[in-house]
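Welcome to a short tour of a protein model. Take a moment to turn the structure around, and then read on with the picture beside you.

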Amino acid sequence: EIDHLFEMSGDLPVVVQELGCTVGPEGGVIGGSDENQRLMAEVMLEEFLGREQCRWISWFKAVSFSEVFADAWRQLLLETEPELADWVDAFVENLRGYGFFDRATGEAKPAFGAFLNALEDLYGLPRVPPYRSRPVATE
């Protein structure tokens, strides 16, 4: 499908507005994992950045959505669409899983390492040790 995207774009530059993969909690509805997110980032960045036509890639969220934000969405959706409760739970779980960084701990997820490695490969930058950040505010 990626090859088809570039074929269809002809000589036009390609811009990837939102690239992302959520990480769901163990036993959750989404079933994603840090490893799945890392692999997705690694493969997609390699696929896109290796093509001259690709001019821009934006990762959907640097930091996962806050609990306050996710819970506000959950409450709003359940009030307006109560028959979609199962879907709402999956959607809220999804919101909490995006991002290169875990909001609660401030720790970088493995996908951030894939991002840094892609930059190293693209620009010849030196690889860095596993990234550690300060905790991110939860509110």
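Predicted model: local features only at pLDDT ≥ 70, side-chain atom pairs only at ≥ 80, totals over all residues.

- Arg96 and Asp71 form another salt bridge, and their closest N and O atoms are 2.4 Å apart.
- Because Arg96 belongs to helix α4 and Asp71 to helix α3, the pair ties together parts that are 25 residues apart in sequence.
- Arg96 is partly exposed, with a relative accessible area of 30%, and Asp71 is partly exposed too, with 37%.

**How α3 and α4 pack**

- Helix α3 covers residues 67-80 and helix α4 covers residues 85-97; they pack at an angle of about 165 degrees, and their axes are 9 Å apart.
- Angles over 145 degrees count as roughly antiparallel, and α3 and α4 are therefore roughly antiparallel to each other.
- Their crossing is right-handed.
- On the α3 side, the residues making the contact include Phe69, Trp73, Leu77 and Leu78, along with Asp71 and Arg74.
- On the α4 side, they include Trp87, Val88, Phe91, Val92 and Leu95, along with Asp89 and Arg96.
- Sorted by class, the residues of this contact are 11 nonpolar, no polar and five charged.

**How α2 and α5 pack**

- Helix α2 and helix α5 (residues 110-123) pack at an angle of about 20 degrees, with 7 Å between their axes.
- That angle makes α2 roughly parallel to α5.
- Here, too, the crossing is right-handed.
- From α2 the contact involves Asp34, Gln37, Arg38, Ala41, Glu42, Leu45 and Leu49, while α5 brings in Pro110, Ala111, Ala114, Phe115, Ala118 and Leu122.
- This contact has nine nonpolar residues, one polar residue and three charged residues.

- How many salt bridges does the count come to? The count comes to seven salt bridges.
- One of the pairs is Glu42 with Arg38, whose side chains meet at 2.7 Å, N to O.
- Glu42 and Arg38 are four residues apart in helix α2 (residues 34-49), so about one helical turn separates them.
- Glu42 is partly exposed, with a relative accessible area of 34%.
- Asp3, Glu47 and Arg51 are linked in a network of salt bridges.

**A residue in the loop**

- Where does Phe101 lie? Phe101 is found in the loop between α4 and α5.
- Is Phe101 buried or exposed? Phe101 is buried, because its relative accessible area is 11% and buried means under 20%.
- Phe101 and Ala111 are 10 residues apart in sequence, and their C-alpha atoms are 8.9 Å apart in space.
- Ala111 is also one of the α5 residues in the contact with α2.

Technical notes: Residues numbered from 1 in each chain as written. Heavy atoms only, no water. Axes fitted to C-alpha atoms, helices over the stretch in contact; angles between N-to-C directions. Helix = DSSP H or I, 4+ residues; strand = E, 2+ residues; numbered from the N terminus. Parallel < 35°, antiparallel > 145°, perpendicular 65-115°, else oblique. Left-handed = near helix turned anticlockwise from the far one by under 90°. Contact = heavy atoms within 4.5 Å. Nonpolar A, V, L, I, M, F, W, Y, C, P; charged D, E, K, R; others polar. Salt bridge = Lys/Arg side-chain N within 4 Å of Asp/Glu carboxyl O. Buried < 20%, exposed > 50% of the residue type's maximum accessible area, 1.4 Å probe, protein only.
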